[in-house]
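Hi,

Here is the structure we spoke about. My notes on its aromatic rings follow below.

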Amino acid sequence: MADLNKYRECIRQLITEYVQRVASNNEIEPQTIFDVEKDHYQLIYIGWQNKRRVFGPVMHFDIKDGKIWIQWNGTEEDVGEQLVAMGVPKHDIVVGFHPPYIRQYTDYAVS
């Protein structure tokens with residue numbers, strides 16, 4: 001049985017630690033969005049860079065049916081392996097940005 005509170009904490013820790021590691025830019029603000037009621041977790045960037053608007057997701061996780069869904073990972077970090085290192089079993093991680101027919105070839109859950 002999945003420990004949802006542990007999964008929530010792992011996701012929050014992963015996002016928070018990433019924000020602390022990345023270079024700070026006064027014009028671009030990292031915002032963390034933690035919706036623990038509906039289990040949606042995001043890191044987004046908002047701001048300006050070279051007179052261009054920056055707005056978009058960097059990471060997005062959901063918890064659905066007792067599994068962590070990696071909906072988006074716009075970093076070079078292997079967030080799936082980081083979750084495994086935190087104690088989340090691979091069979092409770094779904095790489096949601098891969099099409100369903102590809103997921104069967106990963107080390108993670110299909111859905």
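Phe-34 is partly exposed, at 31% relative accessible area. Partly exposed lies between buried (under 20%) and exposed (over 50%), with a 1.4 Å probe and protein chains only. Tyr-41 is buried, at 0%.

The model is predicted: local features need pLDDT of at least 70, side-chain atom pairs count only at pLDDT 80 or more, and totals for chains, interfaces and linings use all residues. Residues are numbered from 1 along each chain as its sequence is written, and side-chain values use heavy atoms, without hydrogens and water.

There are two aromatic pairs in the structure. A pair means Phe, Tyr or Trp rings (six-membered ring for Trp) with centres within 6.5 Å; planes under 30 degrees apart are stacked, over 60 edge-to-face, the rest tilted.

Phe-34 and Tyr-41 make a tilted pair, with 6.2 Å between centres and 45 degrees between planes.

Trp-72 and Phe-97 make the edge-to-face pair, because their planes stand at 70 degrees, with centres 6.4 Å apart. This pair links distant parts of the chain, 25 residues apart: Trp-72 is in strand β4 (67–73), Phe-97 in the loop between β5 (93–95) and α3 (100–103). Helices (H or I, at least four residues) and strands (E, at least two) are DSSP runs, numbered from the N terminus. Trp-72 is partly exposed at 40%, and Phe-97 is partly exposed at 36%.

Two lysines also need a look. Lys-64 lies over the face of Trp-69, 4.0 Å from the ring centre. Lys-90 has its charged end over the ring of Tyr-108, 5.6 Å from the centre. "Over" means NZ of Lys or CZ of Arg within 6 Å of the ring centre and within 35 degrees of the ring normal.

Best wishes
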